[in-house]
Amino acid sequence: MAGIGSSNYWEDLRKQARQLENELDLKLVSFSKLCTSYSGSREGRRADTSDTTPLLNNSTQDRMFDTMSVEIEQLLAKLTAVNDKMAEYTNTPGTASLNAALMHTLQRHRDILQDYTHEFHKTKGNFVAIREREDLLGSVRKDIDGSGVNNRRTELFLKEHEHLRNIAMATKENMTSQRGILKSIQSRVNTLANRFPTINNLIQRINLRKRRDSLILGTVIGICTILLLLYAFH
């Protein structure tokens, strides 16, 4: 690798950052698909009367979840270390004349890291929430089947729960399908931003609005779930 004071060192760091970002992008797409398919596979297992197959399938998906989580966390740590090295380079002697351009590039890579970190934690949280809801739902169904009681309120809760889950899954799948298109558009916009720094402010505002919309969607789904639970058990 080139010395820390050379321009080749900076290019090496940028190359490492782009490679890690590409790896993270692929991992996060697979991670999101695992989260989406988890609930669907649980639906299939409810119709299976075998006592061993559900446990095997559930255990397999849980192991996949744990493995992918560790891999993504390691990639995020590596990308963070590369960004830190890029930040150190901007403070080395002889880079003052290029500092504005270097800082702009560094900020872009930091934004990408922040987005990937946020997406990972959001997807991981969704997976855990789905697993917990499915476990609770399975427990309720088991109680109903065991007692033979046809509780109307419980049935209504189950139907509303399924309806809400389907809406959430459809929304997530739609966001995932649009992610590739948005990434391509963002790449082109970033190219323009490198030529016209004033566009960078517009990109940051768009990213902030995207994060805000994600938080609003998560809040709405959470409130609906709480209301359904209150309705079912009170």
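**Exercise 1.** Are Phe31 and Phe120 buried or exposed?

*Solution.* The model is predicted, with local features requiring pLDDT of at least 70 and side-chain atom pairs pLDDT 80 or more, while totals for chains, interfaces and linings use all residues. Residues are numbered from 1 along each chain as its sequence is written, and side-chain values use heavy atoms, without hydrogens and water. Buried denotes under 20% relative accessible area, exposed over 50%, and partly exposed in between (1.4 Å probe, protein chains only). Phe31 and Phe120 are both buried.

**Exercise 2.** Determine how many aromatic pairs there are, and characterise those of Tyr9 and Phe31.

*Solution.* Step 1: rings of Phe, Tyr and Trp (its six-membered ring) pair if their centres lie within 6.5 Å; planes under 30 degrees apart are stacked, over 60 edge-to-face, and the rest tilted.

Step 1: Tyr9 forms a tilted pair with Tyr89, at 6.0 Å centre to centre and 40° between the planes. Tyr9 belongs to helix α1 (residues 7-46) and Tyr89 to helix α2 (residues 53-89), 80 residues apart; helices are DSSP runs (H or I, at least four residues), numbered from the N terminus. Both tyrosines, Tyr9 and Tyr89, are buried.

Step 2: Phe31 and Phe120 are likewise a tilted pair, at 5.6 Å and 35°. Because Phe31 lies in helix α1 and Phe120 in helix α3 (residues 99-147), the pair ties together parts 89 residues apart in sequence.

Step 3: ring pairs join Phe31, Phe65, Phe120 and Phe127 into a cluster.

**Exercise 3.** State the mean pLDDT of the chain.

*Solution.* pLDDT is the predictor's confidence in each residue, from 0 to 100. The chain has a mean pLDDT of 76, and 60% of its residues reach 70 or more.

Technical notes: Helix = DSSP H or I, 4+ residues; strand = E, 2+ residues; numbered from the N terminus.
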